[in-house]
Amino acid sequence: MSLSSALSIAQSSLLATSKQTSIVSRNVADASNSDYARRTAVITSTAPGARSVEVQRAANDLLFRQNLSALSAWSGQSALYSGMDQLDLAVNGVDNASSPSTAIANLQNALQLYATTPSNQNLGASVIDAAKDVVRSLNDGTTAIQDFRTQTDSQIATAVDDLNSLLSQFQDANKAVISGTRSGTDVSDALDQRDALLKKIAEYVPVSTFTRGDNDMVITTTDGTTLFETVPRWVSFTPSAGYTAGIPGNTIYIDNVPVSAGTGDNTSAVGKLAGLITLRDSVAATMQSQLDETARGLITAFAETAPSQSDAAGLFTWSGAPAVPAAGTLVNGLASSISVNTAMDPSAGGDPALLRDGGANGAAYILNTSGSSYSDLLIAYGDRLDQPMAFDATAGITTTSSVSDYAANAIGWFESVRQQASTTADAKEALATRTAEALSNDTGVNVDQEMSLLLDLEHTYQASARMMKTVDDMLSALLDAVG
């Protein structure tokens with residue numbers, strides 16, 4: 001082997017080692033970056049010497065796609081569960097203190113006390129106050145639910161804007177990958193950026209991808225809607241200024257295709273957008289229907305009756321009074337319009353004795369002919385609160401129940417779906433975490449391995465440097481001999 005060949009081999013070895021060392025150092029520096037994939041310098045032998053051919057980026061498409069799917073599922077479930085917590089506190093308060101169920105129980109107790117001493121008008125006024133608390137819980141609950149739906153609408157609008165921004169950034173990253181691939185330059189950083197954006201996009205909508213020539217990536221949703229192909233598809237949504245009971249929310253469109261929501265507490269909603277839609281149009285809307293049905297049950301239970309007369313709204317009245325709502329049929333927004341009959345409200349100039357005697361709707365409805373000791377009607381009202389009646393099936397719980405049990409069942413229904421949502425959120429979070437860990441273990445940086453490799457490279461560098469020193473000494477000796 002000639003001295004020039006030996007020198008060339010030593011030089012190429014030093015260059016290759018320098019490149020490898022640079023890559024290892026970069027790996028170590030980005031070891032804590034979850035969006036960074038490990039790099040490896042692929043070295044190919046030449047004649048003579050060795051050179052760095054390319055930088056390889058660690059990748060595992062199967063694990064990456066599993067992680068994207070798990071991220072979407074967790075994001076949708078997390079949006080649902082966190083929203084449920086806010087909704088429960090807004091409507092029912094801490095430990096259900098402001099719930100209709102609690103207010104109805106207090107009303108029953110006040111009725112029982114009044115029935116024991118019907119001549120005591122202070123007790124009659126207490127019943128009216130308890131009834132006002134029931135009305136307040138239903139009115140405020142409706143306001144809280146509709147405000148919550150409006151806020152959720154605003155969150156959807158923000159999420160849509162964020163998704164459009166991410167798709168625009170993805171376009172830039174995809175262009176960088178395509179350009180680098182065509183020119184033969186290292187595109188590892190651009191691929192890292194593109195994958196990081198893809199994970200963020202998957203948090204909003206479920207995604208599926210395939211790669212075309214020049215590393216050009218196409219994104220679709222899992223139901224086949226194109227999200228990105230060369231250019232991003234526009235995601236559109238028009239938020240509502242406010243909501244009322246029974247009014248559905250506006251639809252989110254991806255390239256003019258509607259985004260579907262999931263169902264159930266273990267929601268099939270995948271991605272934050274679908275989770276928010278489920279929260280706005282399913283969970284909150286069902287809760288509103290239950291409040292409306294509770295209000296209808298109360299109006300029915302306290303309705304005044306009389307021979308040859310239609311039943312008329314009594315203690316509790318509403319916008320359609322004096323008529324009583326039809327049995328077993330949901331009236332959207334009834335919980336917002338229910339009120340205490342002013343004819344019985346002393347603060348409005350009314351007489352609480354009308355609750356005891358009847359007659360809020362005229363003389364034909366007066367039942368008391370026995371004087372101030374009459375309690376039959378008060379007892380009857382209390383009994384009606386515990387007697388089964390028909391409820392609309394669309395409200396999501398039992399169709400036959402007493403009013404007091406129905407209000408309690410509404411709380412039970414919500415607590416059940418919230419608990420299930422919490423359990424499922426934990427499970428989906430664990431799956432997302434495990435897939436991320438598996439992906440990191442396969443494509444991420446192990447600092448111990450990198451430091452061991454760095455030590456080997458140091459030895460290689462020392463050997464190459466020693467070879468160059470030897471060749472230099474031999475050349476010097478040869479020149480001295482010639483001279």
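In total, 22 salt bridges are found in this structure. Please bear in mind that the model is a predicted one.

Let me begin with Asp-281. This residue pairs with Arg-149 in a salt bridge, with a nitrogen-to-oxygen distance of 3.3 Å. Because Asp-281 belongs to helix α6, residues 272-301, and Arg-149 to helix α4, the pair ties together parts that are 132 residues apart in sequence. Asp-281 also meets the side chain of Arg-280 in a salt bridge, here at 2.7 Å from N to O.

Asp-281, at 29%, counts as partly exposed.

A further set of charged residues deserves attention. Through salt bridges with shared partners, Arg-26, Asp-30, Arg-39, Arg-57, Asp-189, Asp-192 and Asp-195 are joined into one network. Within it, the closest N and O atoms of Arg-26 and Asp-30 are 2.7 Å apart. Arg-26 has 35% relative accessibility and therefore counts as partly exposed.

I turn now to the packing of helices. Helix α4, residues 121-183, packs with helix α2, residues 61-92, at an angle of about 155°, and their axes are 8 Å apart. The two are roughly antiparallel, because an angle over 145 degrees is classed in that way. The crossing of α2 past α4 is right-handed. On the α2 side, the contact is formed by Gly-83, Gln-86, Leu-87, Ala-90 and Val-91, and on the α4 side by Gly-141, Ala-144, Ile-145 and Phe-148. By class, six of these residues are nonpolar and three are polar, with no charged residue.

How do α4 and helix α5, residues 188-204, cross? Their axes come within 9 Å, at an angle of roughly 160°, which means that α4 is again roughly antiparallel to its partner, α5. Here the crossing is left-handed. The residues in contact include Leu-163, Leu-166, Leu-167 and Phe-170 of α4, together with Leu-197, Leu-198, Ile-201 and Tyr-204 of α5. Asp-162 of α4 and Arg-194 and Lys-200 of α5 also take part in the contact. Overall, this contact has 14 nonpolar, three polar and three charged residues.

To close, helix α4 packs against α2 in a right-handed crossing and against α5 in a left-handed one, while its Arg-149 is bridged to Asp-281 of α6.

Definitions and conventions:
Residues are numbered from 1 along each chain as its sequence is written. This is a predicted model: local features need pLDDT of at least 70, side-chain atom pairs count only at pLDDT 80 or more; totals for chains, interfaces and linings use all residues. Side-chain values use heavy atoms; hydrogens and water are left out. Axes are lines fitted to C-alpha atoms, for helices over the stretch in contact, and angles run from 0 to 180 degrees between N-to-C directions. Helices (H or I, at least four residues) and strands (E, at least two) are DSSP runs, numbered from the N terminus. Angles under 35 degrees count as roughly parallel, over 145 as roughly antiparallel, 65 to 115 as roughly perpendicular and the rest as oblique. A crossing is left-handed if the near helix is turned anticlockwise from the far one by less than a right angle, and right-handed if clockwise. Contact means heavy atoms within 4.5 Å. Ala, Val, Leu, Ile, Met, Phe, Trp, Tyr, Cys and Pro count as nonpolar, Asp, Glu, Lys and Arg as charged, and the others, Gly among them, as polar. A salt bridge is a side-chain nitrogen of Lys or Arg within 4 Å of a carboxyl oxygen of Asp or Glu. Buried means under 20% relative accessible area, exposed over 50%, partly exposed in between (1.4 Å probe, protein chains only).
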